[in-house]
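Subject: Structure for you to look at

Dear colleague,

I am handing over the structure we spoke about, and below it I set out what was found. Please read the notes with the model open beside you.

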Amino acid sequence: MTQTSDIIFDSSLAEKYPLTILLAEDNIVSQKITCFLLNELGYEADIATNGQDVLDKIQKDKYDLILMDIEMPRMNGFDTTHTIRQLDLDSQPYIIAMTAHNTKTHRHKCQQSGMNDFMLKPLDIPDFLTALKTCFDQVCF
């Protein structure tokens with residue numbers, strides 16, 4: 001079994017754990033950092049800058065994973081996730097909350113809205129890799 005620390009800089013991770021990813025993030029710096037990390041692991045992500053953009057994109061394309069910022073314009077991550085969970089999609093995406101707020105209230109709201117996981121910003125690479133593998137295991141098996 002591969003240890004998370006062994007795959008931190010593995011640019012072929014996407015070949016081992018293929019996922020289609022949508023990054024829902026309005027902050028350009030956070031977009032660039034997250035996309036850089038994903039690219040280093042062999043992933044490419046589509047980007048949505050607000051909740052309505054996320055809803056439009058998932059109606060057109062299937063995503064295995066949505067990295068969901070909580071505080072976005074037009075529709076926040078909580079409301080966007082709740083809306084996604086109400087949609088009749090062929091398969092529901094795995095949704096990971098990305099937030100700088102580490103409170104029980106935020107974690108509870110993420111869970112209540114239908115998110116599968118919770119990650120703090122800035123992203124911790126080992127935690128991020130663990131979340132990707134968990135997503136793959138749940139989406140693909």
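K121 counts as partly exposed, at 22% relative accessibility, where buried means under 20% relative accessible area, exposed over 50% and partly exposed in between, with a 1.4 Å probe and protein chains only. Please bear in mind that this is a predicted model, in which local features need pLDDT of at least 70 and side-chain atom pairs count only at pLDDT 80 or more, while totals for chains, interfaces and linings use all residues. Residues are numbered from 1 along each chain as its sequence is written, and side-chain values use heavy atoms, with hydrogens and water left out.

A search of the whole structure finds four salt bridges, a salt bridge being a side-chain nitrogen of Lys or Arg within 4 Å of a carboxyl oxygen of Asp or Glu. In one of them E25 pairs with K121, with the closest N and O atoms 2.8 Å apart. This pair links distant parts of the chain, since E25 sits in the loop between strand 1 and helix 2 and K121 in the loop between strand 5 (117–120) and helix 6, 96 residues apart; helices (H or I, at least four residues) and strands (E, at least two) are DSSP runs, numbered from the N terminus. K121 also meets D69 in a salt bridge of 3.0 Å, N to O, and here the partners, D69 in strand 3 and K121 in its loop, are 52 residues apart. Through these shared partners E25, D69 and K121 are joined into one network.

**Helix 2**

In helix 2, the residues S30, Q31, T34, C35, L37 and L38 are buried. They lie on the same side of the helix, because they cover an arc of only 160° around the axis, taken from the directions from the helix axis to the C-beta atoms. K32, I33 and F36, on the other side, are exposed. The buried residues pack against several elements, including strand 1 (21–24), strand 4 (94–99) and helix 6 (125–140).

**An aromatic pair**

The structure holds one aromatic pair. The ring centres of Y17 and F136 are 5.2 Å apart and the planes stand at 70°, so the pair is edge-to-face; rings of Phe, Tyr and Trp (its six-membered ring) pair if their centres lie within 6.5 Å, and planes under 30 degrees apart count as stacked, over 60 as edge-to-face and the rest as tilted. Both Y17 and F136 are buried.

Conventions
Contact = heavy atoms within 4.5 Å.
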